[in-house]
Amino acid sequence: MPVLRDGLFVIGVATSTQRAQAREQLRSATRAALAAVLGVDADAINIDSTPGEAPRIKLAGGKRAIGCSFTHDEGYALAAIYLHGAVGVDVMKVQDIQDWDNVARDYLGPQVCAALLAAPASKQATEFARAWTRHEAWLKCHGRQLSEWQAGDEASIGVALRGLPEGLVGHLAMAGAN
């Protein structure tokens, strides 16, 4: 059973590499975990997803929505559930990305790009993945879609996730924590 800590828990699930199957596997695991944590029937938990919007969890007969965020890459998925507000989570495989510096400049901003360029070449792919997942988790937590960097985005902070499978990095951002 997942451990609820300060209204938050994160679950990781090995999934299919097929997006639709991975999506359903993660939602099923999320309903089961949340049901165990809250002591309710999994059928009483509805996960509402609208493309371009954060998913929402509602309990049957309940009036409050529960914050949640989903992410997946390379046959692994994460769900973050926060009972007290918005949450964002992102995971990414560490890999060499052609023109990563242009992507960083456009989406992560000049300060992050400069820090990445200053990192040793052997660490740049990992550092890019960390910066990207931190930013994505922050965007998800704040209900924003991916867009080019704008002033104020330098505040994108998050907590690095530990215990992920080899080659993956991830971050979590919570309302009130950033």
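1. Arginine 31 and glutamate 24 form a salt bridge, with 3.2 Å between the closest N and O atoms, the term meaning a side-chain nitrogen of Lys or Arg within 4 Å of a carboxyl oxygen of Asp or Glu. Glutamate 24 is partly exposed, at a relative accessible area of 45% (buried is under 20%, exposed over 50%, partly exposed in between, with a 1.4 Å probe and protein chains only).

2. This is a predicted model, in which local features need pLDDT of at least 70 and side-chain atom pairs count only at pLDDT 80 or more, while totals for chains, interfaces and linings use all residues. Residues are numbered from 1 along each chain as its sequence is written, and side-chain values use heavy atoms, with hydrogens and water left out.

3. The structure holds five salt bridges, among them one between lysine 93 and glutamate 74, whose closest N and O atoms are 4.0 Å apart. Lysine 93 is partly exposed at 31% relative accessibility, whereas glutamate 74, at 52%, counts as exposed.

4. Aspartate 90 and lysine 140 also meet through their side chains in a salt bridge, at 3.5 Å from N to O. Here aspartate 90 is buried, with 8% relative accessibility, and lysine 140 is partly exposed at 24%.

5. Isoleucine 81, leaving aside neighbours within four places in sequence, is in contact with residues including Phe9, Leu34, Ile57 and Cys68, where contact means heavy atoms within 4.5 Å.
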